[in-house]
Amino acid sequence: MSNYVDRFDAFDRIVHWTLAVSFILLVLSGLGLFAHTFFGYFGLFGGPQQGIMAHKIAGVVFLVCSVLLFLRHMGELCRFDADDRRWIVKMGGYLSRRHEDIPQGKFNAGQKLFGIFSFVAALVMGITGYVIWEPTAFGRELTQFSLMLHGLFFVLWMVGMIVHVYLATIGNPGTLEGMLYGQVRKAWARKHASKWFQKVAGNR
């Protein structure tokens, strides 16, 4: 009997890693736009013009992938029950010495909140990015407001991604396997997504 259970199919993983690559390209190409200190990063793309073009293309890919992933899991991400609310109150137990395993579905409450934030942030970044892309079409005030929002959500995204990468690797060993190979260990599923695991196991 296998010690693993299917968690993400090939489509989910391809879209997720395409999104991740586009995010890295956005950060590297966007730093030169964010602050003059990082202007040298444009050299990675062959110059400022090429860097800006790479930023625009990566932005479109990032937005499309973000929307696809959200729509694929919208039903699970937007449904919060009593266990989710308890998880949020206790911050998942990450800030307490007394660990408590709160039953969770396929995604824990923190992942749900991050998924919703990611979708909203991608929309904001996409819309404001388009305004910045065509400044003469939208006027000075809207362009400046878009620049402010774009920069704000860039910072929020960076904080969110650092937490996301930590929790998916060092913070919760075994989590990354689901996005690398499509499967996670049953022991991981019982601990981190017990309600989802019971549902999956019950269907076999």
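Here are some questions and answers about this predicted model.

User: Which residues touch the most other members of the largest nonpolar core?

Analyst: Let's start with the helices that build it: H1, H2, H4 and H5 each give two or more residues to this core. The core has 18 residues in all. Those that touch the most other members are Phe 23, Phe 62 and Trp 157.

User: And which helix gives the largest share of this core?

Analyst: The helices giving two or more residues include H1 (10–34) and H2 (48–77). The largest share is six residues, and the helix they come from is H1.

User: At what angle do H4 and H5 pack?

Analyst: Picture the two helices with their axes 9 Å apart. Their crossing is left-handed, and their contact has 16 nonpolar, eight polar and no charged residues. The angle between H4 and H5 is about 150°.

User: Are the buried residues of H3 on the same side or on opposite sides?

Analyst: H3 runs over residues 82–89, and its buried residues are Asp 83, Asp 84 and Trp 87. Because they cover an arc of only 100° around the axis, they all end up on the same side.

User: Is His 16 buried or exposed?

Analyst: You'll find His 16 in helix H1. Leaving aside neighbours within four places in sequence, His 16 is in contact with Leu 69, His 164 and Met 179. Its relative accessibility is 17%, and buried means under 20%, so His 16 counts as buried.

User: What is the relative accessible area of Tyr 166?

Analyst: Tyr 166 lies in helix H5. Neighbours within four places aside, Tyr 166 is in contact with Gly 171 and Asn 172. Tyr 166 is partly exposed, because its relative accessible area falls between the 20% and 50% cut-offs. The value is 43%.

Methods:
Residues numbered from 1 in each chain as written. Predicted model: local features only at pLDDT ≥ 70, side-chain atom pairs only at ≥ 80, totals over all residues. Heavy atoms only, no water. Core = buried A, V, L, I, M, F, W, Y, C linked by side-chain atoms within 4.5 Å. Buried < 20%, exposed > 50% of the residue type's maximum accessible area, 1.4 Å probe, protein only. Helix = DSSP H or I, 4+ residues; strand = E, 2+ residues; numbered from the N terminus. Axes fitted to C-alpha atoms, helices over the stretch in contact; angles between N-to-C directions. Left-handed = near helix turned anticlockwise from the far one by under 90°. Nonpolar A, V, L, I, M, F, W, Y, C, P; charged D, E, K, R; others polar. Arc of directions from axis to C-beta. Contact = heavy atoms within 4.5 Å.
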